[in-house]
Amino acid sequence: MTTRKKSKSRTKPAGKKSARKVVKLAPRKTAASADGLPRPSTKPWGQAGKALEGVRILDLSHVQAGPTCTQLLAWFGADVIKVERPGTGDITRGQLRDVPNADSLHFTMLNHNKRSIALDTKNPKGKQVLERLVKSCDVLVENFAPGVLDRMGLTWEHIQKLNPRMVVASIKGFGPGPYEDCKVYENIAQCAGGAASTTGFDDGPPLVTGAQIGDSGTGLHLAIGIVCALYQRNRTGRGQKVNVAMQDGVLNLCRVKLRDQQRLAHGPLTEYPQHPHGKFGEAVPRAGNASGGGQPGWILKCKGWETDPNAYIYFITQAPVWGQICKVIGKPEWITDPDYAKPEARLPRLKQIFDTIEQWTMTKTKFEAMKILNQYDIPCGPILSMQELAEEPSLRKSGTVVEVEHPTRGKYLSVGNPIKLSDSISEVKRSPLLGEHTDEIFKKVLGFSDKEVVDIKGSGATGGIPSKDAA
């Protein structure tokens, strides 16, 4: 944060008879108030610029974890320059490709709002360009295997010499310890972070979740760290390293299971389906669809479940609305029955209770059940398929699901910014073509002359030898 220095008071003579009289002029209005903080903007809400406008990110990341982070920062207005290998680019451009000769959805949905520069960082000229980018950016983001950044010559010490204000943000599979040199992908992170061991049913194997909590979850953690480092830089004037291990990120999202691990030492976990007839071992068991909170919940069949794999609803037997639940499902006698009246009495009978509730939900579609249950503030939620989410009008209206136009693949759906700011408009722009902004970045960001651009391209640093008149 910078503030403008206060201007010195100006003086002028008031006339011959009062030449010595000093008249102080009103101080010049500045962008900062008396306490040094910026004055509130007078521009209309949403038109005062984006949250991270003016921040430039050097994106050396690839696949999912890093790109998730940099895309979020780009949505908030940061200028993200994605450095890619000439000819191939980010490996995900060609992975799971559904449209011939077009970037895959895997790539386009993780690289919105960015600029792409094709650069061979092993080429001497390419390395010089990379170092110039380091000098010109605020943040470097990478998710290479351990040691790769150092082998590129970008050690922390060298980066600090080039740009002491640089924030270097890294994602690794594991933090310091026995596995820190191991390569990690999404499902490995889920397994190593505790998610898989606590997901699934007790009589089955561990399961990974469809949510990308290893890659995308860690990317979100890294984005928070970057914003914090930038905020601290306003005070200290220097950058720092931001590191997030995928194992750590997953474990953070599994904190309720670490809670339950400690509770095990004091007796069985009474809200788990293993109670009271099952056995508890030394570790937190897989709990099926049981709620992770203090209110018992389960997934129940709804009308049409025989043919629709998503005709289900999640139902929570919240204690404050127990009486309403009993009335809705046709069991008013349970309100006063000592076997059901109190939460402690219900715990050993949860399976029977949910079986009875399911007899009611099976007579209603999931949306009919939702409508009825919400009238009584009974917590519930439909199992929504990806098709239903893609077609949900409210998600389109809020910008959570957006339609994007791409020059080679046409229109496609993507997830928009899930974080809404009231005074910062968030747009979703298409992902860049490989090397699309190379010349633009050379000239407008790095300030290279036409001749320097020709020299760089002629060296092969951008992947091809241009014609003599190229510039």
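A crossover is called right-handed if, with the strands pointing away from the viewer, the path from the first strand over the helix to the second runs clockwise. In this predicted model, strand S1, helix H1 (residues 65–75) and strand S2 make a right-handed β-α-β unit of this kind.

**The sheet**

- Six strands form an open sheet with parallel pairing, and their order across the sheet is S3-S2-S1-S4-S5-S6.
- At the edges lie strand S3 (114–118) and strand S6 (241–245), each of which pairs on one side only.
- Neighbouring strands of this sheet are turned by 20° against each other on average, with direction ignored.

**Pairing around strand S1**

- Strands of a sheet pair through backbone hydrogen bonds, and the pairing may be either parallel or antiparallel.
- Strand S1 (residues 56–59) pairs with strand S2 (residues 79–84) in the parallel sense, over four bridges, while three bridges join S1 to strand S4, which also runs parallel to S1.
- Asp59 takes part in both pairings: its bridge partner in S2 is Lys82, and its bridge partner in S4 is Val141.

**Helices on the sheet**

- Helix H3 (residues 124–136) lies across S1, S2, S3 and strand S4 (139–142), and the helix runs at about 150° to S1.
- Helix H8 (residues 246–253) also packs on the sheet, where it touches strand S5 (167–172) and S6, and the direction of H8 makes about 65° with that of S6.

Conventions:
Residues numbered from 1 in each chain as written. Predicted model: local features only at pLDDT ≥ 70, side-chain atom pairs only at ≥ 80, totals over all residues. Heavy atoms only, no water. Pairing = 2+ DSSP bridges. Helix = DSSP H or I, 4+ residues; strand = E, 2+ residues; numbered from the N terminus. Axes fitted to C-alpha atoms, helices over the stretch in contact; angles between N-to-C directions. Contact = heavy atoms within 4.5 Å.
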